[in-house]
Amino acid sequence: MKCSKVFCCLSVVLLCTTVALAGGDKSLKATELNPASNSDSISDQMRSMELKSDKQGGSIILESECPVNTLFGQTRHLEPDPWTFGVSEIDWNARDVKRFESFEVIGQINDLHWWGGMLASGFANCIDSNPQFLVEFWNDNGSGQPDVAGGPVHTYTLTPTLTPLGEFYHPTFQVEAILFDTALVPAITMSSGWISIQGLGDASCWFWWLSSGEGDLQSWLYEPAADPAWTLEEYDLSLCITGVVEEEFGACCDDTTGVCQDNASNLECTGRFMADTLCADLDPACGRPGACCNDVAGTCDDGVFEVNCDGTRFLLGGMCADLDPMCGNVWGACCYDDGTCAVISPGECEGGACPFDLDGNGAVGPGDVGVVKNNFGCDINLPECAALDFDSNG
């Protein structure tokens, strides 16, 4: 179950078994560690940035929950998905490694809770003599990535409470799960973005962030000295953001049905919500209506909800009359290298040497009228393709 935009409290079960290693170097990503691995290989394997499980058996049951006042929650990994520990440390083997997780909340952020491990060389559990962490909040850069160039919006250097759970992830290395809790002083209000959590303490006892089975299957690894500096990970990181939920009222829209309710509470709305807004003022309108065109059949319908459009093109917020080129399966001439020419749609014209450019100007558009001849190598003048009226004005 995914818990992202509103508060939640979940219980999950984790089953852990053998381990695979991965890292920024693609060759390291293929390295595997299983129960038969011996200590001779551990020092090299610890150069990897990740500790993974596979999905084969196991006997350890782990429970975890987000607090009841959670604004955003991704609890630690749920079996049968494989878990991952990813290092996030300012001085890991003399390398600066930072991990980011995205979030969306409604309310004031007061506290953070996350899961991970503290590991030394050889995947040995360790006690950090100075368990300081750097916690930073970042805007998105507009492309689904933390805006590192713009700098963090909020920065905290803090010492969380560490609670060893007495629960272990690997039969050989016995990596102990740890719960980290901290208050954020001052509290912040930030509706969405990215959070990074990075260990600052003991240079020989490193923080490894534990993954989550909830979310969008994406997180980021950033190593500024590496090339490339960014690695997109295909897993989420465990995190609970807690605070004070602020109730707002506005338009609540279900875009799958087009049903919208005015003066709805954000705490009860399960669709698209806009505070202090009426349904009539939503942009795009509820249901995201527009023009739905089926070019093959030559039919077009206005006011169709985007989710219900099964045509070949959809124009959000537009009308069929606004489509360019117009909807239909007869749009122009398609000239083939074998000397044949057909009046068909662009989607059907594949392999034609000079489709739809009648006047030879290098561009095709409504209003092109002319004779198909010597356009990009074609030299034909068949009756059915001799004169075309693209804009249907006669």
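Colleague: In which sense do strand S25 and S26 pair, and over how many bridges?

Modeller: Strands of a sheet pair through backbone hydrogen bonds, either parallel or antiparallel. Here S25 (residues 289-294) pairs with S26 in the antiparallel sense, over 5 bridges. Asn 294 stands opposite Thr 299 in S26. Pairing requires at least two bridges found by DSSP, and strands are DSSP runs of E, at least two residues, numbered from the N terminus. This is a predicted model, where local features need pLDDT of at least 70, side-chain atom pairs count only at pLDDT 80 or more, and totals for chains, interfaces and linings use all residues. Residues are numbered from 1 along each chain as its sequence is written, and side-chain values use heavy atoms, leaving out hydrogens and water.

Colleague: What order do the strands of that open sheet have?

Modeller: Its 3 strands have the order S26-S25-S27, with antiparallel pairing. The edge strands, S26 (299-305) and S27 (313-316), each pair on one side only.

Colleague: Which residues form the covered face of strand S19, and which the uncovered one?

Modeller: In a regular strand the side chains alternate between the two faces of the sheet. In S19 (residues 230-233), Thr 231 and Glu 233 form the covered face, while Trp 230 and Leu 232 form the uncovered one. S19 is joined by 4 bridges to S18 (residues 219-222), running antiparallel; Leu 221 stands opposite Thr 231.

Colleague: How many helices and strands does the chain have?

Modeller: The chain has 3 helices and 29 strands, with helices taken as DSSP runs of H or I, at least four residues. Of its 394 residues, 45% are buried, meaning under 20% relative accessible area with a 1.4 Å probe, protein chains only.

Conventions. Buried means under 20% relative accessible area, exposed over 50%, partly exposed in between (1.4 Å probe, protein chains only).
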